[in-house]
Every structure is written in structure tokens, then in C-alpha cells.
Amino acid sequence: MLSNPSQIILRNSELFESKNVLLINFESDQLAKDLLANAANVTALALDFNHYQQLESQQSSRLQVHFGHQLPNEQLFDCVVVFYPKSKSLAPYLINLAACHLKQAGELYIVGENKGGVRSIPKQLPAYFDSATKLDNARHCLLFSSELIASAPAIKLQDWTSQYSLNTPQGDITICNLVGVFSEKRLDEGTKLLLEHLPSLQGRVLDFGCGAGVITAALLKACPQLEVESVDINAMALAACELTLAANGMQAKVYPSDGLNQAQGTFDAIISNPPFHDGLNSTTNIAAQFVQDSAAKLKAHGQWRIVANRHLPYSDVIAQYFNSVNVTAENNRYKVYSNR
Ligand SMILES: C[S@@+](CC[C@H](N)C(=O)[O-])C[C@H]1O[C@@H](n2cnc3c(N)ncnc32)[C@H](O)[C@@H]1O
């Protein structure tokens, strides 16, 4: 089943006849494979690790699939399709990236849900693109095109980074965040409450859904000997976490994971401000899966501590998998839960 943006691309697939096509930020479906009926070759770049995994097994000599915030090479394409991101601030980055991979006079296509920011694409395109043309309007989505008319600046991550200092209970840390990543410009209130109530830790610690690495950096500030593993599903978050670690002279193992699936072995502690929606699964499913998986990955006397919006249904599921529910701290918006 194709997503709505993918369906509108597929019904315009004659645009890609015999072309080398790059899809950026593609959806969780098989569109890239379907396009091979027309396109000469398709390369697909996922910024979401789950989307990458959905397509990875379909790779062939004509279909390349990558995960990351950019391609691992400087290949140029006849046309690039950008799927308009949920986070509007990420769109200019993806458009710049698309331009860097277009041949001279190559064609950019931008598709997105009507209710998202794609409607304002004609005003958002930088000067190296011609004015945008609306090509199609269907399935609650819009499809625009525009030709590359000048060369675009190379992507430098620092141009897309916001840097700020944080005074945490663990000490001063520097946060580097990238466009589109959680708490882009300031510390999240939930994360703040969690940092105020971190236990003292040792050994192997998992920061699940690390975002820009705020919790990772605070953990390492408090205890530089910790073996911290920082996972996230989002490529921009992982890149931001690496920048934060570098800015603080810290080291952690940073890698993509969908849920706790890619985290191997057991941990002395799991600390998180976990995600509460992904557009597909309900909040309850995500919470239940995360609690169940983390209970299975925690060592016998391990510490588990998370912060969540107080309206989210964590209590029952925590009681189910950890036997008791401890609320370590709370305010009018958030609760910090722990297993002991
Ligand atoms: C509430 S944010 C917390 C970010 C960071 N730890 C902080 O406190 O600022 C949750 C993070 O989980 C990530 N995420 C969402 N779904 C995920 C999944 N299925 N697996 C791993 N990470 C996920 C998001 O990309 C986001 O960075």
C-alpha cells in the first residue's frame, strides 16, 4: 500500500521515463521499486531508519537504498523527488541537498500533503531553482516541479546547526542541534525534569531516542566513564548527537535503531524521553512496546528512568512489565517514572 504522496508520484511516473531518479525522505512503502517500471535507475535516501529497513531488502543493480542525512557519494541525477518533511524547518535543507545531486537543468519534484507546508513551496524555493510549477493535486497532496538553473552551495552541517549552552544539574554542556530535530532551539521541559532527577549510574547505559544528545551529554558530564549508547530512528538526530558529543569532547556509541531493535545485549540503565507518536502507531502501542522491550534489555538490578507527558498511559504498562510503578518526580505537565 502506497502512502498518499507516493500515489501521486506513481500516477505521474511518465515524468521519470528512462531517467536516473533520486528520492529523498521517501515514505514507508515500495514506491522506489514501483518506479523502476519507468525509471532507468532509482536511488532512495531515507532519513527514517524504519523506512530504510522497509526497502533495504529490495536493493538491486537498479535500486540503491541509503540511510543518513546525506548520500555517501556525490552522484548526480536527472531528477530528484523530495518528500516534504513533517518538520517544516527541515525542508530548506532537503531542497539544498536535492540541488547538490541534480545535473545542470535537472528537475526537482516536491510532493507533500496539502495540510503540510508544501503549499508554500513557490515562496520557499531558493534562487538556484526556477519558479515552481504545480503539476498535480490529488490524494490530498500537491506535486510541484522546478528546474535547477544555477549551482547550489555544498551542504555544510554547521550552516544547519543551532548551538546553545545548557546549565544542567550535571554541569554546563553545549548542545548542537540540526534542523528538524526535537527541541531544535531550546531544552524540552520534560527532558529538563528528567535531568533534575537522574540517578547516579555506572556501566552500560542506553539513551533511547537520543535526539540531539542532551541526555547523553548530561550523563557523560556527570560520569565520563559511562559506556553510553545513543540510538534514534532519525538521521538528523544522530548527526546532531555526534555534533553535541564532539562539541563537549565526549564519546558515545551513536547508531540508528527503530525502537530498541538494534540495541544488542543488556544494559545497566535505560534513560529516555521517549517518542510518543510516529504518525502510524497509537501512543499506547508505542509506550507498551518501549516498556516491554526495555524491561527485556535491562540487567537484573538495572535502572530504568523515563519522562513522559503526564497524560500518556504509561502507568498500567509499567506495572505490567516492571511489577510496580514509581513516580520519582512530577509537575503539572510531566512525570518521571522509574523501575525502583
Ligand atoms: C521526545 S524526543 C527526545 C529527544 C532527546 N532525548 C531529548 O530529550 O531532547 C524522542 C526522540 O525519539 C526518536 N524516535 C522516534 N521514534 C523512534 C523509534 N521508533 N525508535 C528510536 N527513536 C525514535 C525521535 O526521532 C526523537 O529524537
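1. A polar side-chain atom of Asp-258 lies 3.0 Å from a nitrogen atom of the ligand, a polar contact being a pair of N or O atoms within 3.5 Å. The protein covers 89% of the 590 Å² of accessible area that the ligand has on its own (Shrake-Rupley method, 1.4 Å probe).

2. The model is predicted: local features need pLDDT of at least 70 and side-chain atom pairs pLDDT 80 or more, whereas totals for chains, interfaces and linings use all residues. Residues are numbered from 1 along each chain as its sequence is written, and side-chain values use heavy atoms, without hydrogens and water.

3. Around the ligand stand 17 residues, of which Thr-191, Gly-209, Asp-232, Asp-258 and Gly-259 come nearest (a residue is near if one of its heavy atoms lies within 4 Å). This shell divides into seven nonpolar, eight polar and two charged residues; Ala, Val, Leu, Ile, Met, Phe, Trp, Tyr, Cys and Pro count as nonpolar, Asp, Glu, Lys and Arg as charged, and the others, Gly among them, as polar.

4. The structure holds nine salt bridges (side-chain nitrogen of Lys or Arg within 4 Å of a carboxyl oxygen of Asp or Glu). One of them joins Asp-78 and Lys-103 at 3.0 Å, N to O. Asp-78 belongs to strand 4 (residues 77-83) and Lys-103 to strand 5 (residues 102-113), so the pair ties together parts 25 residues apart in sequence (strands are DSSP E runs of at least two residues, numbered from the N terminus).

Conventions. Polar contact = N/O pair within 3.5 Å; in protein donor to acceptor, adjacent residues only side chain to side chain. Helix = DSSP H or I, 4+ residues; strand = E, 2+ residues; numbered from the N terminus.
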